[in-house]
Amino acid sequence: MTEAFVTELEDELRAIVGPAHVLVDGDLRAPYETDWTRRFTGSARCVVRPGTTGEVAAVVRACAAAGVPIVVQGGNTGLVGAGVPAGGEVLVSLTRLNRVEPVDAVEAQVTVDAGVTLERLQTHARAAGLDFGVDLAARSSATVGGMIATNAGGIRVLRHGSMRAQVAGLEAVLADGTVLTRLTGLAKDNTGYDMTQLLAGSEGTLAIVTRARLRLVPLLPARAVALVAVADTDAALDLLAAAREQLATLSAAEIFYPDGLELVRSYAKLPAPFGEPAGAYVVLECAGRTDPTDAVLEMLATSDAVIDATVASDRAGLDRLWSYREAHTEAISAAGVPTKLDVCVPLGELSALVTELPGTVAAVTPTARLIVFGHLNEGNLHLNVLDTGEHAEEVTDAVLRLVAAHRGSISSEHGVGRAKAPWLQLSRTAEEIAAMRRIKTALDPAGLLNPGVLLPA
Ligand code: MLT
Ligand code: ZN
């Protein structure tokens, strides 16, 4: 590619989005080029910040004509390297797409731009007496578009399902600049291929999501959270079974372990939650229209799995108990650059997996530190390995093979990205991967959108 051609594309992009929104300077590009964990980094040719769907489409057309690949970025909170450049792409940042339409209270739906943060969406929905069904710790930065692209999960999947279940329609730009618009949000609509659901979880490889029609859920203002000390993973699963049976308002069930608790306590300056340490800790949350505290206390009193428990229902208490779980990600990142694995196994395999993990990691590198936490109800564990040094790939390989041997998935909610693409065949058959490639080729024949993400090279 000649220098003149390079300049020509940048000039064209400036004409589309305005000169202030094409970042070529290294210092200006830098915040977009490294992911939140600092593990994935690459150099973009430039960063482009379109402000409308029309501008996104024009940017895509210009890049397609120049044969220059695109990497798409929302709030840059992804954990598998899918939103940062591998090298030489035009990075399209969607954070200027930030409009919210009024809540449609009759349908319990709202249409918002892809760059709207989860926190802003929640505030907007709650002001209208409704709520959004997905919640996660990165809510202040994670954007709707990125959450759809990765089919984000989070802490309320137990009650409302993952992001896919909240999306009633989409607007998206295809690799040739075509704009697909399907934002009516009809409850019943059997008129052919469901493009919305195809694009949810496609990690920016098939199209760029620019707007979404989202389902909203009832606002349940009365909450109770229990932090429960239990002996081990098996006891945590016994407690979960009792909670699911007895608590109709159960909205979250999370797990963490003593080494994670210690890290969080020293990072967030939190007191020990109990007088005696335990083998595992479970966070249960109930949400309803009336205070669920009594039902939670009753369930805890009848469960043999409970060693100790603390329950809160006021705002400060809820935040305090949740912080033992939610501060894990930040506390781990403050301790180093983790190798992050996000796996899911059938609940019947969870205890065996937790038991076998330390040995599997130590066999690769004995000095690594493994911190495990996650979403108990879905058998979804976040495995964070610190101090892997040059062994990150080997640790990943050993752990993901162990997960596959337990009939699990190599990515439960973070997506495949660049980080897990080489291991996709552990979770999907050769026939499935070949079919996915055919879909990719049909929608993006030149391979312009997020090359190297999801499908192995
Ligand atoms: C979480 O559940 O807290 C997120 O998936 C973030 C993480 O895995 O670090
Ligand atoms: Zn998670």
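Student: Which residues are the protein donors of the zinc ion (ligand 2)?

Tutor: Keep in mind from the start that this is a predicted model. To find donors, one looks for N, O and S atoms within 2.8 Å of the metal. Here the zinc ion (ligand 2) has His375 and His382, each through NE2, and Glu413 through OE, at 1.8 to 2.1 Å from the ion.

Student: How are the donor residues of the zinc ion (ligand 2) spaced in sequence?

Tutor: The spacing reads H-x6-H-x30-E. His382 belongs to strand S17 (residues 380-386), while Glu413 sits in the loop between H15 and H16, so this pair ties together parts that are 31 residues apart in sequence.

Student: Are His382 and Glu413 buried or exposed?

Tutor: A residue is called buried when its relative accessible area is under 20%, and both His382 and Glu413 are buried.

Student: How many salt bridges does the model have?

Tutor: One looks for a side-chain nitrogen of Lys or Arg within 4 Å of a carboxyl oxygen of Asp or Glu, and by this rule the count comes to 24 salt bridges. Let us read a few of them in turn.

Student: What does Glu285 form with Arg223?

Tutor: Their side chains meet in a salt bridge, with 3.0 Å from N to O. Arg223 is in strand S11 (residues 222-230) and Glu285 in strand S13 (residues 280-288), so the pair ties together parts that are 62 residues apart in sequence. Arg223 is buried, since its relative accessible area is 15%, and Glu285 is buried as well, with a value of 1%.

Student: Which residues are linked with Arg223 and Glu285 in a network of salt bridges?

Tutor: The network also includes Arg126, Asp131, Asp135, Arg139, Arg156 and Glu326.

Student: Where in the chain are Glu349 and Arg407, the pair that links distant parts?

Tutor: Let us begin with the contact itself, a salt bridge between the two side chains at 3.2 Å, N to O. Glu349 lies in helix H14 (residues 347-364), and Arg407 in the loop between helix H15 (392-405) and helix H16 (430-443), 58 residues apart. Arg407 is exposed, because its relative accessible area is 60%.

Student: With which residue does Arg182 form a salt bridge?

Tutor: The partner of Arg182 is Asp189, and their closest N and O atoms are 2.3 Å apart. Arg182 counts as partly exposed because its relative accessibility is 40%, and Asp189, at 30%, counts as partly exposed too.

Definitions and conventions:
Residues numbered from 1 in each chain as written. Chains lettered and ligands numbered in written order. Predicted model: local features only at pLDDT ≥ 70, side-chain atom pairs only at ≥ 80, totals over all residues. Heavy atoms only, no water. Buried < 20%, exposed > 50% of the residue type's maximum accessible area, 1.4 Å probe, protein only. Helix = DSSP H or I, 4+ residues; strand = E, 2+ residues; numbered from the N terminus. Donors = N, O, S within 2.8 Å, 3.2 Å for Na, K, Ca; no water.
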